[in-house]
Amino acid sequence: MADTQTLSAPVLRPAAPARRFGLLAPYFGTPANSLVSLLSIAFIFLGAKLAFGWLFIDAVFHGDAADCKASSGACWPFVAEKLRYMVFGFYPFEEQWRPLVTLLVLLASCLVSMMPRFWSRALLCAWVIAILPLLYVLMAGGFFGLSDVPTTKWGGLPLSFMLSFVGLACALPLGIGLALARASSLPAIRVLAVGFIEIVRGVPLISILFMATVMLPLFMPAGVTVDKLLRAQVAIILFASAYIAEIVRGGLQDVPKGQFEAGYSLGLHYWQVMRKIVLPQALKKVIPPMVGLFIGFFQDTTLVTIVGLLDFLDTVRSALRDPEWQGIAVLEGYVFAAAVYFAFSALMGIYSRFLEQHFRITHA
C-alpha cells in the first residue's frame with residue numbers, strides 16, 4: 001500500500017528555465033525573451049556610449065565659445081559662465097549672496113523638518129514665526145540694512161523652491177479641509193466643496209495662473225494692486241489643494257467605518273475622531289500619491305513664466321539665448337536643469353519610501 005502511494009504521488013520538478021537561469025529566467029527563459037533582452041541591452045549600451053562620449057570624452061571643460069565650436073561634445077564652460085544667472089536670475093549680482101543664503105536656510109529647515117523626532121507644534125511655530133519671515137526679509141530686503149529687491153527680480157532656483165514649498169505647505173491643510181467638507185453630511189458644505197474641486201481640477205494650471213494675473217486685477221478697487229508673485233502663489237495653492245483633497249478623500253474612504261464608530265463610542269466628538277483616529281490613518285495610506293503630486297507640482301512651477309516670473313527652467317532658457325553662445329551650447333543648459341530637477345525629485349521619492357517604512361505601511 002505504501003509503495004502504491006509512493007508511485008502515484010506526483011513528482012514536482014522545477015521548471016527548466018528557472019533552474020538554468022535563476023533570477024534571469026524572465027529575461028532569458030525563452031528564445032523570444034532572450035531576443036528582446038539582447039536587443040534592449042544593445043540599445044542601452046549604444047545610448048550610454050553615445051551619452052558618455054558627448055558628456056565627458058568629447059566634452060570641453062575649459063575655454064570659451066571658440067573652443068566649444070571646434071568640439072563635438074558638451075560645452076561645460078557655458079554652464080560655468082552662466083551658472084549664477086541660471087540659479088539666481090536677474091537678482092542683483094552683488095546681492096546674490098542673499099538668495100544663496102535663503103536657499104541654504106530653506107533646504108536646511110526642510111531637512112530638519114523631515115526628521116520625525118522634530119515633529120511638534122514648536123516646529124510649526126518656528127516656521128511661521130521665524131523661518132518664513134527670515135526667508136522673505138533675505139529676499140526682499142528693507143530691513144537690517146538690506147537693500148530693497150522687488151519680486152520682479154526674483155528668479156531662478158530660489159523662486160522655484162519658494163513657490164513649490166510654500167504653495168504645497170499651504171495647500172495641504174486646505175486640501176484636507178476640502179476633503180473633509182466633501183465627505184461631510186451637510187449638503188451645503190458638500191456641494192460647495194465638490195463645486196470648487198471639480199471646477200479647479202477641470203482646468204489646467206496655466207489657465208489659473210493666467211486668470212490670477214489678468215482677471216484678478218480687474219476685480220480689485222481702483223488703485224489697489226496685488227503683487228505678481230503673490231497672485232501666482234495663491235493660484236498654485238488653490239490648484240494644488242483641489243488635487244490634494246481628492247487624494248485625501250481616497251485615504252478617508254479606505255479607513256474602516258468601525259474606526260469612526262469606535263471613536264464615537266469613546267465619547268469623542270467629530271473633530272476629535274478625525275484628528276486623533278481617522279486622519280492619521282488616512283494620511284499614512286496616501287503618502288505615495290501625495291509625494292508623487294508634490295514632485296509634479298515642483299516641476300510645474302515652470303509655468304509661472306506666463307505671469308512674467310523667471311523660474312529656474314526659464315533662466316536656463318534665457319541663458320541659452322545669449323548671442324555669444326547661441327548655436328554652440330544647445331543642450332548643456334537643459335542637461336544641467338534636468339540633473340537638478342532629477343536630484344530633488346529622487347530625494348523626495350527616497351523620503352516617501354522612508355515615511356512608508358516609518359509608518360510601517362510597507363516592509364523593507
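Hi everyone, let me start with two cysteines: Cys68 and Cys75 are both buried. This is a predicted model, so please keep that in mind as we go. The two residues are joined by a disulfide, with the sulfurs 2.0 Å from each other. The torsion about that S-S bond is about 75°, so the disulfide is right-handed. For the count, we get one disulfide.

What about Cys110? Cys110 takes part in no disulfide, and the nearest cysteine sulfur, in Cys170, is 13 Å away. Cys110 has 18% relative accessibility, so this residue counts as buried, the limit being under 20%.

Then there is Cys125. Its closest cysteine sulfur also belongs to Cys170, at 15 Å, which is too far for a bond. Is Cys125 buried or partly exposed? At 41% relative accessibility, Cys125 counts as partly exposed.

Now let's zoom out to the whole chain. The secondary structure comprises 17 helices and one strand. The radius of gyration is 27 Å, whereas a compact globule of 364 residues would have one near 21 Å. Along the principal axes, the C-alpha atoms fill a box of roughly 100 × 75 × 40 Å.

Of the 364 residues, 39% are buried. If you take contacts between residues at least 6 apart in sequence, 68% of them join residues at least 24 apart.

Finally, surface and charge. The accessible surface is about 21400 Å², and carbon and sulfur atoms account for 70% of it. There are 26 positive and 20 negative side chains, with the centres of the two sets 12 Å apart.

Methods:
Residues are numbered from 1 along each chain as its sequence is written. This is a predicted model: local features need pLDDT of at least 70, side-chain atom pairs count only at pLDDT 80 or more; totals for chains, interfaces and linings use all residues. Side-chain values use heavy atoms; hydrogens and water are left out. Helices (H or I, at least four residues) and strands (E, at least two) are DSSP runs, numbered from the N terminus. The radius of gyration is taken over C-alpha atoms; the globule rule is 2.2 Å times the number of residues to the power 0.38. Buried means under 20% relative accessible area, exposed over 50%, partly exposed in between (1.4 Å probe, protein chains only). Contact means heavy atoms within 4.5 Å. Accessible areas come from the Shrake-Rupley method with a 1.4 Å probe; for residues, only the protein chains shown count as cover. Lys and Arg count as positive and Asp and Glu as negative; His and the chain ends are not counted. The place of a charge is taken as NZ of Lys, CZ of Arg, CG of Asp or CD of Glu. A disulfide is a pair of cysteine sulfur atoms within 2.5 Å.
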